[in-house]
Amino acid sequence: MSSSRTKIVQTGSCPGGLDDCNEQRQRGRQKVHDEATLKARVVEVAFGTFQKHSYNGTTMALVAKNAGISKRTLYELFPSKIELFAELAIRHRANLLDVPAGRKAETLEEALRAVFKVDQSDEKHSQQAAEMRLFYVEAVANEELGMLLRKHCGSELHDVVTAWVEDEVAKGRIVVQSSRDTAKYLLDVLIAARLFRPKTPDMITGLSDIRTYLNHTIQLILNGLLPR
């Protein structure tokens, strides 16, 4: 009798039985996955729209139109334009570094290349540079966005790199006077360098491609300029 009651409890909420329950749970998981995919696509579309029209020149209606979704759906994903822009900044910050890969590296040189994603594709380097240029322009033009970007792509990014530097100091692989100063220096030379880099190599004769340039920069960090 107790087993039959258990069976009723297990299947009572699913008229079609356990198979129906499993199907409902599967649809629920698919919805979550679809929402994450849709949010990523909307952020990508928004980036292109902000690039073309600027933040102030972009409306949520325009983003929805370009993404092929309704305004209602867009507002369900991102309640305001600034929250949409913040999501773009957060995703950009996450794409700049790969600290876990750096912690697994055998040498400090390999760690620097891994953490700062030196060996990624030209396309990804170009995407990062384009995002940084957008953020730089908007931070200057819009005080509210400047505060947002200093938080997500400034202080929080600095904290992440500082923690990695401190970890390397604890391992005995580097010696520094200030972890926070060192983190700022690394961000300046290995991240910010992409912001002010010419869009086409021939603008500065003899300038190496971005990966070679960053590898040369890492060699300078490790070995300095003095002859040995």
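Val137 sits in helix 8, residues 122–141, and what we are looking at is a predicted model. Val137 is exposed, because its relative accessible area is 51% and the cut-off for exposed is over 50%. Together with Tyr136, Val140 and Phe196, Val137 forms a nonpolar patch on the surface, with about 460 Å² of accessible area in total.

In general, nonpolar side chains in soluble globular proteins tend to be buried together. So, to the interior. The largest nonpolar core has 27 residues, and Val42, Phe50, Leu74, Phe78, Leu84, Phe85 and Phe135 have the most contacts inside it. At least two residues of this core come from each of helices 2, 3, 4, 5, 8 and 9. Helix 2 gives the largest share, six residues. Beyond its neighbours within four places in sequence, Phe78 is in contact with Lys39, Val42, Val43, Met60, Glu83, Leu84 and Glu87. There is a second, separate core of 25 residues, with Leu96, Ile174, Leu190 and Leu214 among them.

Next, the charges. The structure has 13 salt bridges. One of them pairs Glu156 with Arg93, with the closest N and O atoms 2.2 Å apart. Glu156 is in helix 9 and Arg93 in helix 5, so this pair ties together parts 63 residues apart in sequence. Glu156 is partly exposed, at 24% relative accessibility.

Asp167 pairs with Arg103, at 3.7 Å between the closest N and O atoms. Here helix 9 holds Asp167 and helix 6 holds Arg103, so the parts tied together are 64 residues apart in sequence.

Last, Asp119 and Arg113 form a salt bridge at 3.1 Å, N to O. Separately, shared partners link Arg103, Asp167, Glu168, Lys171 and Arg173 into one salt-bridge network.

Definitions and conventions. Residues are numbered from 1 along each chain as its sequence is written. This is a predicted model: local features need pLDDT of at least 70, side-chain atom pairs count only at pLDDT 80 or more; totals for chains, interfaces and linings use all residues. Side-chain values use heavy atoms; hydrogens and water are left out. Patches are made of residues with over 30% relative accessible area and no salt bridge: like charges are joined within 9 Å, nonpolar side chains (Val, Leu, Ile, Met, Phe, Trp, Tyr) within 5 Å. Accessible areas come from the Shrake-Rupley method with a 1.4 Å probe; for residues, only the protein chains shown count as cover. A salt bridge is a side-chain nitrogen of Lys or Arg within 4 Å of a carboxyl oxygen of Asp or Glu. Helices (H or I, at least four residues) and strands (E, at least two) are DSSP runs, numbered from the N terminus. Buried means under 20% relative accessible area, exposed over 50%, partly exposed in between (1.4 Å probe, protein chains only). A nonpolar core is a set of buried Ala, Val, Leu, Ile, Met, Phe, Trp, Tyr and Cys residues joined through side-chain atoms within 4.5 Å. Contact means heavy atoms within 4.5 Å.
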